[in-house]
2 protein chains.
Amino acid sequence: MKLHNGMSPNGARVSIFLAEKGIDLPVQPVDIMQGETRAEPFLSVNPLGEVPVLELDDGRYLTESIAICRYLEALNPKPALFGDTPEEQAFVEMWNRRMELRLFNVVGDVGRHEFELFKDQIEQVPAFASVQRGQFQERLKWFDAEMSDGRAFVAGDSFSVADITGMAMLLLCGFAQIEIPQTLTHARRWAASVMSRASWPMPPA
Amino acid sequence: MKLHNGMSPNGARVSIFLAEKGIDLPVQPVDIMQGETRAEPFLSVNPLGEVPVLELDDGRYLTESIAICRYLEALNPKPALFGDTPEEQAFVEMWNRRMELRLFNVVGDVGRHEFELFKDQIEQVPAFASVQRGQFQERLKWFDAEMSDGRAFVAGDSFSVADITGMAMLLLCGFAQIEIPQTLTHARRWAASVMSRASWPMPPA
């Protein structure tokens with residue numbers, strides 16, 4: 001197996017996952033900033049023009065960061081980052097999706113519609129980026145309320161893939177210059193905790 | 001267990017899943033059009049104000065349609081709609097996420113930023129809806145190319161949850177008055193096939 005990966009929030013999800021699992025995989029670096037994902041030969045690997053991609057030993061390409069992580073978990077069950085029992089797995093899935101759809105994707109919208117990098121790739125709508133900035137602040141309040149029971153991690157007492165999706169959101173917040181407001185103490189406690197892990201890809205501020 | 005559900009594309013994903021699995025669950029109907037999801041007592045069930053929600057026997061509430069489906073699959077493994085082997089499961093996950101993130105969510109953006117229903121819920125940006133309408137046409141071309149190998153279903157020879165997410169996308173296309181262009185024969189072949197299933201929730205046109 002070989003991982004095609006580059007510097008991106010979704011690429012980071014897989015890199016953090018590998019670090020947390022202690023899995024060592026050969027990596028083929030892909031330079032997104034230089035346009036490698038949007039040209040051949042990469043487009044034959046993934047016509048959607050995105051990393052990460054896991055090349056399997058039979059030559060097939062598995063895309064989508066969470067599909068890659070889930071497959072690696074099946075091959076390397078411990079530590080279980082997708083939960084152990086069916087109930088745990090259900091709530092980890094719920095929380096991973098909440099972190100992705102309600103937070104990560106919203107700040108992703110801000111990036112896609114504001115960042116210079118995407119100017120030539122999509123038709124940017126600044127008014128939409130502005131709406132999503134506001135929406136993200138509302139979602140942070142919801143997340144803070146959810147974390148107010150004092151639990152250590154997003155899906156409960158154990159670190160899970162839902163925290164990893166949250167870490168990717170924090171990376172995007174850095175790029176979009178969004179800080180979690182001081183008043184959201186529970187969200188900030190969680191953020192400080194995951195950013196202190198050995199798997200966190202950025203140097204501490 | 002009890003399912004809180006109402007008329008929505010995500011609600012339909014769980015309803016179709018139940019029909020395909022042959023699972024019978026008590027359902028508590030929730031009237032979205034009358035605002036039930038955005039008021040108490042429902043907001044205590046799901047502060048995000050959305051169906052579907054699976055109420056477990058221990059009183060916990062499981063939200064997010066795919067988390068609910070995955071949990072029901074763990075309790076009722078056959079037929080496997082999330083795949084059987086780790087490889088199958090990986091590619092079903094990849095395809096379910098592609099159908100959701102690349103197609104379903106894009107036409108969902110159109111709805112949220114165009115439909116009267118959402119006028120009082122979000123700050124609508126018509127220019128963004130228009131960009132997403134164009135983006136959706138590009139994504140349909142990509143999907144058609146992917147299906148041009150003649151396979152029966154989205155993730156291969158077996159019907160899976162990725163087809164169900166695709167069916168939810170087709171429901172949204174109906175509301176947004178978007179048709180798959182005549183030229184996209186592979187996408188249309190797939191759409192006709194899934195719309196002929198007993199689980200399809202709308203009467204044929």
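A salt bridge is a side-chain nitrogen of Lys or Arg within 4 Å of a carboxyl oxygen of Asp or Glu. In this predicted model, A:Arg70, A:Glu93, B:Arg70 and B:Glu93 are linked in a network of such salt bridges. Side chains of opposite charge can pair when their charged atoms come close. Over all chains, the structure holds 30 salt bridges.

## How the two chains are related

## The interface

The contact takes 36 residues from chain B and 36 residues from chain A. Of the interface residues of chain B, 100% are also interface residues in chain A, so the copies meet through the same surface. The area buried between chain B and chain A is about 3500 Å², and carbon and sulfur atoms give 62% of it. Three residues, B:Glu64, B:Phe91 and B:Arg97, supply 17% of the area that chain B buries against chain A, more than any other three residues.

The rule finds 8 salt bridges between chain B and chain A, and it finds 12 residue pairs in polar contact, with both residues at pLDDT 80 or more. On the side of chain B that touches chain A, the elements that give two or more residues are β4 (61-63), α3 (65-75), α4 (86-114) and α5 (126-146) of chain B. The largest share, 13 residues, comes from α4(B). By type, the residues on this side of chain B divide into 19 nonpolar, 4 polar and 13 charged.

One residue of the strand β4 of chain B is B:Thr63. The side chain of B:Thr63 makes a polar contact with the side chain of A:Arg98, at 3.1 Å. When neighbours within four places in sequence are left aside, B:Thr63 is in contact with A:Met94 and A:Arg98 of chain A, and with B:Asn46, B:Pro52, B:Val53 and B:Ile68 of chain B. B:Thr63 counts as buried because its relative accessibility is 2%, and buried means under 20%.

## Individual salt bridges

| Residue with N | Residue with O | Closest N and O atoms |
|---|---|---|
| A:Arg97 | B:Glu100 | 2.5 Å |
| B:Arg13 | B:Glu100 | 2.6 Å |
| B:Arg133 | B:Glu114 | 2.8 Å |
| A:Lys78 | A:Asp84 | 3.3 Å |

B:Glu100 forms a salt bridge with A:Arg97 and another with B:Arg13. B:Arg13 lies in helix α1 (residues 9-21) of chain B and B:Glu100 in helix α4 of chain B, so this pair ties together parts that are 87 residues apart in sequence. Both B:Arg13 and B:Glu100 are buried.

B:Glu114 counts as partly exposed at 37% relative accessibility, and B:Arg133 is partly exposed with a relative accessible area of 27%.

A:Asp84, at 44% relative accessibility, counts as partly exposed.

B:Glu73 is found in helix α3 of chain B. With a relative accessible area of 9%, B:Glu73 is buried. Which residues does B:Glu73 touch, not counting residues up to four places away in sequence? They are B:Phe17, B:Lys21, B:Pro79, B:Ala80, B:Leu81, B:Phe82 and B:Gly83. The C-alpha atoms of B:Glu73 and B:Leu18 are separated by 9.7 Å, while the two residues are 55 residues apart along the chain.

Note on methods
Residues are numbered from 1 along each chain as its sequence is written. Chains are lettered from A and ligands numbered from 1 in the order in which they are written. This is a predicted model: local features need pLDDT of at least 70, side-chain atom pairs count only at pLDDT 80 or more; totals for chains, interfaces and linings use all residues. Side-chain values use heavy atoms; hydrogens and water are left out. Contact means heavy atoms within 4.5 Å. Buried area is the accessible area (1.4 Å probe) that two parts lose on being put together, summed over both. A polar contact is a pair of N or O atoms within 3.5 Å; within protein, one must be able to donate a hydrogen and the other to accept it, and residues adjacent in sequence count only if both atoms are side-chain atoms. Helices (H or I, at least four residues) and strands (E, at least two) are DSSP runs, numbered from the N terminus. Ala, Val, Leu, Ile, Met, Phe, Trp, Tyr, Cys and Pro count as nonpolar, Asp, Glu, Lys and Arg as charged, and the others, Gly among them, as polar. Buried means under 20% relative accessible area, exposed over 50%, partly exposed in between (1.4 Å probe, protein chains only).
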